[in-house]
Amino acid sequence: MSLFDHTSIQFNTLKQRAFNGRWAVVPDDVLPLTAADPDFPVAPEIIEAMQSYLGAGYLNYGPFSGLDVFKENVALHYNARKGCAFIPEDVLAVNSAAQGMYLVARYLLQPGDEAIIFDPVDFLFKKTLEVVGARPVLCAIPAETGVLDLAHLESLITPRTKLISICNPHNPLGVVYDSSVLLSLAKIAERHGLWVMSDEIWSDIVYDRQAYRSYASVSDYAALHSFTVYGFSKTFGLAGLRIGAVLCQNTAVMQDFIEQSQFNSTIEGVSTLSQIGAAAALEHAWYWADEFVEHLQANRDLAYQLLSKSNSLQPNRPDSTYVIFPKITNGLSSETYVKQVLEQAKVAIVPGSARWFGPGAEGHVRICFSTSRDVLEEGILRILSKMG
Ligand SMILES: Cc1ncc(COP(=O)(O)O)c(C=O)c1O
(Lines give C-alpha, C1' and ligand atoms only; values in the text may rest on other atoms or scores of the structure.)
Protein backbone atom coordinates (compact mmCIF):
# COMPACT_ATOMS: atom_id res chain seq x y z
CA MET A 1 0.00 0.00 0.00
CA SER A 2 1.27 3.48 -0.87
CA LEU A 3 1.69 6.12 1.83
CA PHE A 4 -0.63 8.29 -0.22
CA ASP A 5 -3.63 5.98 -0.64
CA HIS A 6 -7.12 7.28 0.01
CA THR A 7 -7.32 5.00 3.07
CA SER A 8 -4.41 6.76 4.76
CA ILE A 9 -6.35 10.05 5.00
CA GLN A 10 -7.99 10.62 8.40
CA PHE A 11 -10.95 12.76 7.41
CA ASN A 12 -12.31 13.05 10.97
CA THR A 13 -9.04 14.58 12.14
CA LEU A 14 -8.85 16.92 9.14
CA LYS A 15 -12.38 18.12 9.95
CA GLN A 16 -11.04 19.27 13.32
CA ARG A 17 -7.58 20.48 12.36
CA ALA A 18 -7.38 21.62 8.74
CA PHE A 19 -8.29 25.34 8.67
CA ASN A 20 -7.36 28.09 6.16
CA GLY A 21 -10.19 27.31 3.73
CA ARG A 22 -10.02 23.56 4.19
CA TRP A 23 -11.91 20.65 5.84
CA ALA A 24 -12.52 22.32 9.22
CA VAL A 25 -14.18 25.40 7.71
CA VAL A 26 -16.38 23.98 4.93
CA PRO A 27 -19.76 22.24 5.33
CA ASP A 28 -19.62 18.43 5.55
CA ASP A 29 -20.83 17.92 1.97
CA VAL A 30 -18.13 20.19 0.43
CA LEU A 31 -14.75 18.96 -0.88
CA PRO A 32 -12.09 21.61 -0.24
CA LEU A 33 -9.55 21.84 -3.08
CA THR A 34 -8.46 25.24 -1.80
CA ALA A 35 -5.35 26.09 0.28
CA ALA A 36 -2.23 24.12 -0.65
CA ASP A 37 -1.95 21.89 2.39
CA PRO A 38 -1.64 18.08 2.14
CA ASP A 39 -4.46 15.79 3.31
CA PHE A 40 -1.98 13.07 4.39
CA PRO A 41 -0.49 12.45 7.85
CA VAL A 42 3.15 13.57 8.06
CA ALA A 43 6.16 11.22 7.99
CA PRO A 44 6.32 9.23 11.27
CA GLU A 45 10.02 10.13 11.73
CA ILE A 46 8.99 13.77 12.27
CA ILE A 47 6.56 12.84 15.05
CA GLU A 48 9.08 10.45 16.65
CA ALA A 49 11.79 13.13 16.75
CA MET A 50 9.44 15.62 18.40
CA GLN A 51 8.23 13.03 20.91
CA SER A 52 11.76 12.07 21.80
CA TYR A 53 12.74 15.74 22.28
CA LEU A 54 9.75 16.29 24.56
CA GLY A 55 10.54 13.08 26.42
CA ALA A 56 13.75 14.58 27.87
CA GLY A 57 11.58 16.96 29.85
CA TYR A 58 13.35 20.28 29.17
CA LEU A 59 12.13 23.14 27.00
CA ASN A 60 14.78 25.83 27.53
CA TYR A 61 15.62 28.81 25.35
CA GLY A 62 17.35 27.70 22.17
CA PRO A 63 20.10 29.57 20.30
CA PHE A 64 18.67 32.89 19.03
CA SER A 65 19.10 32.20 15.32
CA GLY A 66 18.03 28.56 15.52
CA LEU A 67 19.22 25.14 16.68
CA ASP A 68 22.47 23.92 15.10
CA VAL A 69 20.75 20.74 13.91
CA PHE A 70 18.15 22.83 12.09
CA LYS A 71 20.61 25.22 10.47
CA GLU A 72 22.99 22.42 9.47
CA ASN A 73 20.22 20.40 7.83
CA VAL A 74 18.82 23.36 5.91
CA ALA A 75 22.29 24.29 4.60
CA LEU A 76 23.06 20.67 3.66
CA HIS A 77 19.73 20.34 1.88
CA TYR A 78 20.32 23.46 -0.20
CA ASN A 79 23.86 22.41 -1.06
CA ALA A 80 22.95 18.82 -1.96
CA ARG A 81 19.77 19.47 -3.94
CA LYS A 82 19.83 23.08 -5.18
CA GLY A 83 23.39 23.87 -6.23
CA CYS A 84 24.23 26.21 -3.33
CA ALA A 85 27.18 26.66 -0.98
CA PHE A 86 25.56 27.69 2.30
CA ILE A 87 27.09 27.23 5.74
CA PRO A 88 24.88 26.85 8.84
CA GLU A 89 25.59 30.48 9.85
CA ASP A 90 23.84 31.59 6.64
CA VAL A 91 20.55 30.13 7.93
CA LEU A 92 18.01 31.75 10.25
CA ALA A 93 15.05 29.77 11.64
CA VAL A 94 11.83 31.76 11.21
CA ASN A 95 8.16 31.21 11.98
CA SER A 96 7.09 30.13 8.48
CA ALA A 97 7.95 31.21 4.95
CA ALA A 98 5.30 33.91 5.19
CA GLN A 99 7.11 35.45 8.15
CA GLY A 100 10.43 35.16 6.33
CA MET A 101 9.00 37.16 3.41
CA TYR A 102 7.74 39.81 5.82
CA LEU A 103 11.02 40.09 7.74
CA VAL A 104 13.02 40.45 4.52
CA ALA A 105 10.66 43.18 3.26
CA ARG A 106 10.86 45.00 6.61
CA TYR A 107 14.65 44.80 6.64
CA LEU A 108 15.29 45.96 3.07
CA LEU A 109 12.54 48.50 2.47
CA GLN A 110 11.61 51.92 3.77
CA PRO A 111 8.08 53.32 3.38
CA GLY A 112 7.70 54.53 -0.21
CA ASP A 113 10.36 52.21 -1.63
CA GLU A 114 9.36 50.06 -4.58
CA ALA A 115 9.67 46.32 -5.00
CA ILE A 116 8.97 44.45 -8.23
CA ILE A 117 6.76 41.36 -7.95
CA PHE A 118 5.13 39.13 -10.55
CA ASP A 119 1.47 39.42 -11.57
CA PRO A 120 -0.10 36.97 -11.04
CA VAL A 121 1.55 35.61 -7.91
CA ASP A 122 0.58 34.45 -4.41
CA PHE A 123 -1.00 37.28 -2.35
CA LEU A 124 1.78 37.14 0.28
CA PHE A 125 4.12 39.02 -2.04
CA LYS A 126 1.89 42.11 -2.17
CA LYS A 127 0.74 41.75 1.42
CA THR A 128 4.23 41.65 2.96
CA LEU A 129 5.26 44.75 0.99
CA GLU A 130 2.18 46.72 1.92
CA VAL A 131 2.47 46.04 5.65
CA VAL A 132 5.93 47.62 5.64
CA GLY A 133 4.69 50.64 3.65
CA ALA A 134 6.50 49.72 0.42
CA ARG A 135 4.95 49.92 -3.03
CA PRO A 136 4.48 46.73 -5.06
CA VAL A 137 5.25 47.25 -8.76
CA LEU A 138 3.60 44.53 -10.81
CA CYS A 139 5.56 42.78 -13.54
CA ALA A 140 2.94 41.05 -15.69
CA ILE A 141 3.66 37.48 -16.77
CA PRO A 142 1.29 35.52 -19.02
CA ALA A 143 -0.96 33.34 -16.84
CA GLU A 144 -0.82 30.56 -19.45
CA THR A 145 2.98 30.20 -19.65
CA GLY A 146 4.55 32.22 -16.83
CA VAL A 147 7.33 33.31 -19.20
CA LEU A 148 9.25 36.21 -17.72
CA ASP A 149 9.91 39.16 -20.06
CA LEU A 150 13.24 40.35 -18.63
CA ALA A 151 13.37 43.53 -20.71
CA HIS A 152 9.94 44.49 -19.40
CA LEU A 153 11.02 43.74 -15.84
CA GLU A 154 14.08 45.95 -16.25
CA SER A 155 11.94 48.77 -17.66
CA LEU A 156 9.98 48.86 -14.37
CA ILE A 157 13.07 49.76 -12.32
CA THR A 158 13.11 53.34 -10.98
CA PRO A 159 15.39 55.16 -8.52
CA ARG A 160 12.98 54.02 -5.74
CA THR A 161 13.27 50.32 -6.62
CA LYS A 162 15.13 48.40 -3.93
CA LEU A 163 14.04 44.79 -4.37
CA ILE A 164 12.91 42.20 -6.90
CA SER A 165 10.85 39.41 -5.30
CA ILE A 166 10.54 36.19 -7.24
CA CYS A 167 8.40 33.12 -6.64
CA ASN A 168 10.33 30.12 -7.95
CA PRO A 169 8.70 27.69 -8.48
CA HIS A 170 5.72 29.89 -9.13
CA ASN A 171 2.44 29.71 -7.25
CA PRO A 172 -0.12 29.61 -8.88
CA LEU A 173 1.33 28.96 -12.37
CA GLY A 174 3.51 25.96 -11.50
CA VAL A 175 6.41 27.31 -13.59
CA VAL A 176 10.05 26.63 -12.68
CA TYR A 177 12.51 29.36 -13.72
CA ASP A 178 15.74 27.72 -14.89
CA SER A 179 19.30 28.84 -14.21
CA SER A 180 19.63 30.81 -17.45
CA VAL A 181 16.59 32.98 -16.61
CA LEU A 182 17.85 33.36 -13.03
CA LEU A 183 21.30 34.38 -14.25
CA SER A 184 19.82 37.02 -16.57
CA LEU A 185 17.77 38.29 -13.64
CA ALA A 186 20.88 38.40 -11.45
CA LYS A 187 22.63 40.49 -14.12
CA ILE A 188 19.75 42.98 -14.11
CA ALA A 189 19.85 43.12 -10.30
CA GLU A 190 23.61 43.70 -10.42
CA ARG A 191 23.35 46.46 -13.06
CA HIS A 192 20.93 48.35 -10.81
CA GLY A 193 22.38 47.39 -7.41
CA LEU A 194 19.20 45.61 -6.32
CA TRP A 195 18.48 42.83 -3.84
CA VAL A 196 16.43 39.78 -4.73
CA MET A 197 14.11 37.84 -2.43
CA SER A 198 13.64 34.34 -3.81
CA ASP A 199 10.68 32.46 -2.33
CA GLU A 200 11.56 28.80 -2.84
CA ILE A 201 8.94 27.12 -0.66
CA TRP A 202 7.86 25.01 -3.67
CA SER A 203 11.36 24.01 -4.75
CA ASP A 204 11.07 20.34 -3.69
CA ILE A 205 7.80 19.70 -5.53
CA VAL A 206 9.14 19.52 -9.09
CA TYR A 207 7.83 16.97 -11.61
CA ASP A 208 9.28 14.80 -14.37
CA ARG A 209 12.61 14.58 -12.48
CA GLN A 210 13.60 18.08 -13.55
CA ALA A 211 16.55 19.56 -11.69
CA TYR A 212 16.02 22.66 -9.55
CA ARG A 213 18.56 25.45 -9.15
CA SER A 214 18.32 28.06 -6.45
CA TYR A 215 18.66 31.75 -7.38
CA ALA A 216 21.52 32.14 -4.88
CA SER A 217 23.57 29.58 -6.83
CA VAL A 218 23.69 31.35 -10.20
CA SER A 219 26.39 34.01 -9.59
CA ASP A 220 28.50 35.62 -6.89
CA TYR A 221 26.36 38.73 -7.03
CA ALA A 222 23.20 36.63 -6.60
CA ALA A 223 24.74 34.79 -3.63
CA LEU A 224 25.74 38.00 -1.87
CA HIS A 225 22.67 40.11 -2.66
CA SER A 226 19.76 37.77 -2.09
CA PHE A 227 17.62 36.39 0.66
CA THR A 228 16.23 32.92 0.02
CA VAL A 229 13.01 31.95 1.79
CA TYR A 230 12.33 28.26 2.41
CA GLY A 231 9.49 26.50 4.21
CA PHE A 232 8.22 23.13 5.39
CA SER A 233 4.47 23.47 4.81
CA LYS A 234 4.49 22.19 1.23
CA THR A 235 7.17 19.46 1.09
CA PHE A 236 6.48 17.90 4.48
CA GLY A 237 2.98 19.14 5.43
CA LEU A 238 4.17 21.01 8.55
CA ALA A 239 2.13 24.23 8.13
CA GLY A 240 0.83 24.09 11.71
CA LEU A 241 4.38 24.10 13.13
CA ARG A 242 4.89 27.56 11.52
CA ILE A 243 8.48 26.79 10.62
CA GLY A 244 10.64 28.14 7.80
CA ALA A 245 14.10 29.47 7.08
CA VAL A 246 15.72 32.58 5.61
CA LEU A 247 19.12 32.04 3.99
CA CYS A 248 21.72 34.66 3.03
CA GLN A 249 25.39 34.15 2.17
CA ASN A 250 26.39 37.74 2.91
CA THR A 251 27.70 37.27 6.46
CA ALA A 252 27.66 40.92 7.56
CA VAL A 253 24.17 41.47 6.15
CA MET A 254 22.86 38.24 7.72
CA GLN A 255 24.19 39.20 11.15
CA ASP A 256 22.60 42.63 10.84
CA PHE A 257 19.32 41.11 9.57
CA ILE A 258 19.16 38.81 12.60
CA GLU A 259 19.90 41.71 14.94
CA GLN A 260 17.46 44.16 13.31
CA SER A 261 14.74 41.52 13.15
CA GLN A 262 14.94 41.19 16.98
CA PHE A 263 16.04 37.57 17.21
CA ASN A 264 18.93 38.43 19.54
CA SER A 265 16.56 40.19 21.94
CA THR A 266 14.20 37.13 22.09
CA ILE A 267 11.33 39.30 20.85
CA GLU A 268 11.55 37.02 17.82
CA GLY A 269 12.47 33.35 17.87
CA VAL A 270 11.14 29.99 16.78
CA SER A 271 9.79 27.13 18.90
CA THR A 272 12.58 24.59 19.40
CA LEU A 273 10.02 21.80 18.98
CA SER A 274 9.13 23.05 15.49
CA GLN A 275 12.81 23.18 14.57
CA ILE A 276 13.30 19.60 15.77
CA GLY A 277 10.39 18.45 13.63
CA ALA A 278 11.70 20.30 10.57
CA ALA A 279 15.28 19.08 11.05
CA ALA A 280 14.01 15.48 11.33
CA ALA A 281 12.07 15.97 8.10
CA LEU A 282 15.24 17.00 6.23
CA GLU A 283 17.31 14.28 7.85
CA HIS A 284 14.92 11.30 7.71
CA ALA A 285 11.85 11.93 5.57
CA TRP A 286 13.06 12.25 1.98
CA TYR A 287 11.73 8.76 1.20
CA TRP A 288 8.30 10.17 2.19
CA ALA A 289 8.67 13.44 0.26
CA ASP A 290 9.92 11.66 -2.86
CA GLU A 291 6.93 9.28 -2.83
CA PHE A 292 4.67 12.28 -2.21
CA VAL A 293 6.04 13.96 -5.34
CA GLU A 294 5.38 10.77 -7.36
CA HIS A 295 1.82 10.68 -6.07
CA LEU A 296 1.36 14.37 -6.85
CA GLN A 297 2.71 13.96 -10.36
CA ALA A 298 0.08 11.27 -11.03
CA ASN A 299 -2.56 13.63 -9.57
CA ARG A 300 -1.28 16.45 -11.78
CA ASP A 301 -1.67 14.21 -14.81
CA LEU A 302 -5.17 13.14 -13.73
CA ALA A 303 -6.30 16.72 -13.10
CA TYR A 304 -4.91 17.83 -16.47
CA GLN A 305 -6.53 14.93 -18.31
CA LEU A 306 -9.97 15.38 -16.67
CA LEU A 307 -9.97 19.17 -17.02
CA SER A 308 -8.99 18.87 -20.69
CA LYS A 309 -12.51 17.45 -21.26
CA SER A 310 -14.17 20.49 -19.71
CA ASN A 311 -16.15 23.01 -21.77
CA SER A 312 -15.74 25.69 -19.11
CA LEU A 313 -12.08 25.33 -18.10
CA GLN A 314 -8.85 24.98 -20.05
CA PRO A 315 -6.06 23.59 -17.88
CA ASN A 316 -2.35 24.38 -17.73
CA ARG A 317 0.10 21.57 -16.96
CA PRO A 318 2.19 22.64 -13.95
CA ASP A 319 5.83 21.54 -13.71
CA SER A 320 5.80 22.19 -10.00
CA THR A 321 3.52 22.94 -6.99
CA TYR A 322 0.32 21.04 -6.25
CA VAL A 323 -2.05 23.54 -7.70
CA ILE A 324 -3.45 23.73 -11.22
CA PHE A 325 -4.60 27.08 -12.62
CA PRO A 326 -7.08 26.55 -15.46
CA LYS A 327 -8.49 29.38 -17.57
CA ILE A 328 -12.26 29.91 -17.52
CA THR A 329 -13.59 29.59 -21.08
CA ASN A 330 -17.35 30.15 -20.60
CA GLY A 331 -17.15 33.88 -19.94
CA LEU A 332 -17.87 33.78 -16.19
CA SER A 333 -15.72 35.85 -13.84
CA SER A 334 -13.47 33.97 -11.41
CA GLU A 335 -15.65 34.91 -8.42
CA THR A 336 -18.87 33.84 -10.12
CA TYR A 337 -17.39 30.59 -11.38
CA VAL A 338 -16.11 29.67 -7.91
CA LYS A 339 -19.43 30.62 -6.29
CA GLN A 340 -21.36 28.40 -8.72
CA VAL A 341 -18.93 25.51 -8.18
CA LEU A 342 -19.42 25.79 -4.43
CA GLU A 343 -23.20 26.06 -4.57
CA GLN A 344 -23.90 23.55 -7.32
CA ALA A 345 -20.99 21.08 -7.28
CA LYS A 346 -20.16 21.35 -3.56
CA VAL A 347 -16.47 21.83 -4.24
CA ALA A 348 -14.47 24.73 -2.78
CA ILE A 349 -11.77 26.18 -5.07
CA VAL A 350 -9.90 29.50 -5.11
CA PRO A 351 -10.86 32.33 -7.51
CA GLY A 352 -8.12 33.86 -9.63
CA SER A 353 -9.07 37.24 -8.23
CA ALA A 354 -6.86 40.26 -7.62
CA ARG A 355 -7.17 39.68 -3.87
CA TRP A 356 -5.44 36.31 -4.03
CA PHE A 357 -3.08 36.56 -6.98
CA GLY A 358 -3.16 40.06 -8.54
CA PRO A 359 -5.18 41.48 -11.46
CA GLY A 360 -3.40 39.22 -13.98
CA ALA A 361 -5.08 36.16 -12.43
CA GLU A 362 -8.64 37.15 -13.39
CA GLY A 363 -10.37 34.60 -15.59
CA HIS A 364 -8.73 31.65 -13.83
CA VAL A 365 -9.39 29.40 -10.87
CA ARG A 366 -6.92 27.52 -8.67
CA ILE A 367 -7.50 23.89 -7.77
CA CYS A 368 -5.29 22.17 -5.20
CA PHE A 369 -4.48 18.47 -5.77
CA SER A 370 -2.53 17.42 -2.65
CA THR A 371 -5.20 14.90 -1.75
CA SER A 372 -6.01 11.32 -2.68
CA ARG A 373 -6.65 10.36 -6.28
CA ASP A 374 -10.24 9.52 -5.25
CA VAL A 375 -11.00 12.92 -3.70
CA LEU A 376 -9.39 14.75 -6.61
CA GLU A 377 -11.28 12.72 -9.21
CA GLU A 378 -14.58 13.17 -7.42
CA GLY A 379 -14.00 16.89 -6.98
CA ILE A 380 -13.19 17.50 -10.65
CA LEU A 381 -15.99 15.23 -11.91
CA ARG A 382 -18.44 17.16 -9.72
CA ILE A 383 -17.20 20.41 -11.29
CA LEU A 384 -17.49 19.01 -14.82
CA SER A 385 -20.98 17.64 -14.20
CA LYS A 386 -22.36 21.01 -13.06
CA MET A 387 -20.25 23.50 -15.02
CA GLY A 388 -19.52 21.52 -18.19
C1 LIG B 1 4.71 30.96 -2.69
C2 LIG B 1 4.38 30.79 -1.24
N3 LIG B 1 5.12 31.41 -0.31
C4 LIG B 1 4.87 31.28 1.01
C5 LIG B 1 3.82 30.50 1.45
C6 LIG B 1 3.56 30.41 2.93
O7 LIG B 1 4.12 29.29 3.53
P8 LIG B 1 4.21 29.11 5.12
O9 LIG B 1 3.14 28.15 5.51
O10 LIG B 1 5.56 28.56 5.41
O11 LIG B 1 4.01 30.46 5.69
C12 LIG B 1 3.01 29.84 0.52
C13 LIG B 1 1.87 29.02 0.96
O14 LIG B 1 1.00 28.65 0.19
C15 LIG B 1 3.30 29.98 -0.85
O16 LIG B 1 2.59 29.34 -1.80
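Visitor: Does Ser 180 count as buried or exposed, and why?

Guide: This is a predicted model, in which local features need pLDDT of at least 70 and side-chain atom pairs count only at pLDDT 80 or more, while totals for chains, interfaces and linings use all residues. Residues are numbered from 1 along each chain as its sequence is written. A residue is buried if 20 or more other C-beta atoms, placed from the backbone, lie within 10 Å of its own, exposed if 12 or fewer, and partly exposed in between. Ser 180 counts as exposed because it has 10 C-beta neighbours inside 10 Å.

Visitor: In which helix does Ser 180 lie?

Guide: Helices (H or I, at least four residues) and strands (E, at least two) are DSSP runs, numbered from the N terminus. Ser 180 belongs to helix 7, which comprises the 13 residues 179-191. From first C-alpha to last, helix 7 reaches 18 Å, close to the expected 18 Å; the expected span is 1.5 Å times one less than the number of residues. Just after helix 7, Gly 193 adopts a positive phi of about 65 degrees.

Visitor: Which residues of helix 7 are buried, and against what do they pack?

Guide: An α-helix has 3.6 residues a turn, so residues three or four places apart point the same way. In helix 7 the buried residues are Leu 182, Leu 185, Ala 186 and Ala 189. They lie on the same side of helix 7 because they cover an arc of only 105 degrees around the axis, the arc being that of the directions from the helix axis to the C-beta atoms. Their packing partners are helix 6 (150-155), strand 5 (161-167), strand 6 (195-199) and helix 8 (220-224). The face turned away from this buried side carries the exposed residues Ser 180 and Arg 191.

Visitor: How is the chain divided into domains, and how many residues does each bring to the contact?

Guide: Domain bounds come from an automatic or database domain assignment. Here domain 1 covers 6-42 + 286-387 and domain 2 covers 51-284, with 26 Å between their centres, taken over C-alpha atoms. Domain 1 brings 29 residues to the contact and domain 2 brings 31, two residues being in contact if their C-beta atoms, placed from the backbone, lie within 7 Å. On the domain 1 side, helix 11 (286-307) and helix 13 (354-357) each supply at least two residues; helix 11 gives the largest share, five residues.
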